[in-house]
Amino acid sequence: MAGTIFESWARVLVLLHAAAAVVLVGSSTHHFLVSLGYLRWRFKVRLGRIYAAIVVIAYGTTMLLGALAYPTYRYHVRGLYFDRHAVWASNLFDIKENFAALGLPLAIGAFLLSRVMNPKEDRAMVVGYAVMVTILTAIVWFNVVSGILITMERGV
Amino acid sequence: MSESAPRPARMTAGQARFVAIAAAATAFALGFVWPAFQKTRVLWYYPLEHRWALEITPEGLAMDWYGRTLVAGVLAIVAYFVALALARRSKPLGQRGHTLWTAWMATAVLLAMALYAHQLATRRPVPTPLPTWYVPR
């Protein structure tokens, strides 16, 4: 049988990947709401900084765990099954992985900015921050829903 | 003794970081999406052979996501520090400057996302040949 790296760990990795994604979707949604508050002159700065930190850690963890399980998925799930019987799932996964990568600098950027930004005084910067957090939250929600749909079709 | 001229105002540390982050996110998106436009050597990982290869087109089952993410990440780090150094020597960023940097960043990221969604939504992938041991579930 063809073996991929971390194949025997793939299910555990995907389970931990899902657990990290649960933390990520909760923290990024809260972070999004706090950043919307900045635009409406409601300043929960300390909370915003905490959520930004949780998001960047959860995002990195989710991505790393997914990246470790990816070779097993690529051959055993996509190569042998999805590309034949569920092309939509194969394509949706690839959209999801590309979106995840594009969200990484936004997660890191929002965290770095949250450490120095004073939303009461840096009003011009708040819009940029909110745009960053909004795109990031949209990516997180899209990827979580896509991940559930793909795994419902077939998992590692 | 003549008084020295006042030093011109510079960007605050927060503004400089904002510019650097926007430049890094833009560079990441452009670097990540570049191989989709232009035939470029990318680092491919062959999951069944456990090897890496720097090539334009793979010769079998291979994954380019790691390579593209790595290149885009390096580009983003370089863009961050270059933009940070330049921003620290620049005039303070006004409302218009903040809006422009935000627009550049959002446009680059959203265009990259739209490109991948468009390319992949209608893709017809070539399945890997079934091995002899394969038992359908």
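Let me start with a pair of helices: helix 1 (residues 10-39) and helix 4 of chain A pack at an angle of about 150°, and their axes are 9 Å apart. Helices here are DSSP runs of H or I with at least four residues, strands are runs of E with at least two, and both are numbered from the N terminus. The axes are lines fitted to C-alpha atoms, for helices over the stretch in contact, and the angles run from 0 to 180 degrees between N-to-C directions.

Before going on, a word on the source. This is a predicted model, in which local features need pLDDT of at least 70 and side-chain atom pairs count only at pLDDT 80 or more, while totals for chains, interfaces and linings use all residues. Residues are numbered from 1 along each chain as its sequence is written, and chains are lettered from A and ligands numbered from 1 in the order in which they are written.

Back to the pair. Helix 1 and helix 4 of chain A are therefore roughly antiparallel to each other; angles under 35 degrees count as roughly parallel, over 145 as roughly antiparallel, 65 to 115 as roughly perpendicular and the rest as oblique. Their crossing is left-handed, meaning that the near helix is turned anticlockwise from the far one by less than a right angle; clockwise would be right-handed. On the helix 1 side of this contact the residues include A:Leu24, A:Phe32 and A:Leu36, and on the helix 4 side they include A:Tyr129, A:Val133 and A:Trp141. Contact means that the C-beta atoms of two residues, placed from the backbone, lie within 7 Å. By class, this contact has 15 nonpolar, seven polar and no charged residues. Ala, Val, Leu, Ile, Met, Phe, Trp, Tyr, Cys and Pro count as nonpolar, Asp, Glu, Lys and Arg as charged, and the others, Gly among them, as polar.

How do helix 3 and helix 4 of chain A pack? Their angle is also about 150°, with the axes 8 Å apart. They are therefore roughly antiparallel as well, and helix 3 passes helix 4 in a left-handed crossing. That contact has 18 nonpolar, five polar and two charged residues.

Now chain A as a whole. It has four helices and zero strands, and its C-alpha atoms fill a box of roughly 60 × 25 × 20 Å along the principal axes. Of its 156 residues, 53% are buried. Buried means 20 or more other C-beta atoms within 10 Å of the residue's own, exposed means 12 or fewer, and partly exposed is in between, with C-beta atoms placed from the backbone. One example is A:Ile57, in helix 2 of chain A: it counts as partly exposed because it has 16 C-beta neighbours inside 10 Å. Among contacts in chain A between residues at least 6 apart in sequence, 82% join residues at least 24 apart.

Next, the partner chain. Here 36 residues of chain A are in contact with 42 residues of chain B. Which helix of chain A gives the most to that side? Helix 3 does, with 16 residues. By class, the side of chain A that touches chain B has 23 nonpolar, seven polar and six charged residues.

Last, confidence. The predictor gives the complex an ipTM of 0.96 and a pTM of 0.95. Chain B averages a pLDDT of 93, and 95% of its residues score at least 70; pLDDT is the predictor's confidence in each residue, from 0 to 100. Where pLDDT is low, the predicted coordinates should not be read in detail.
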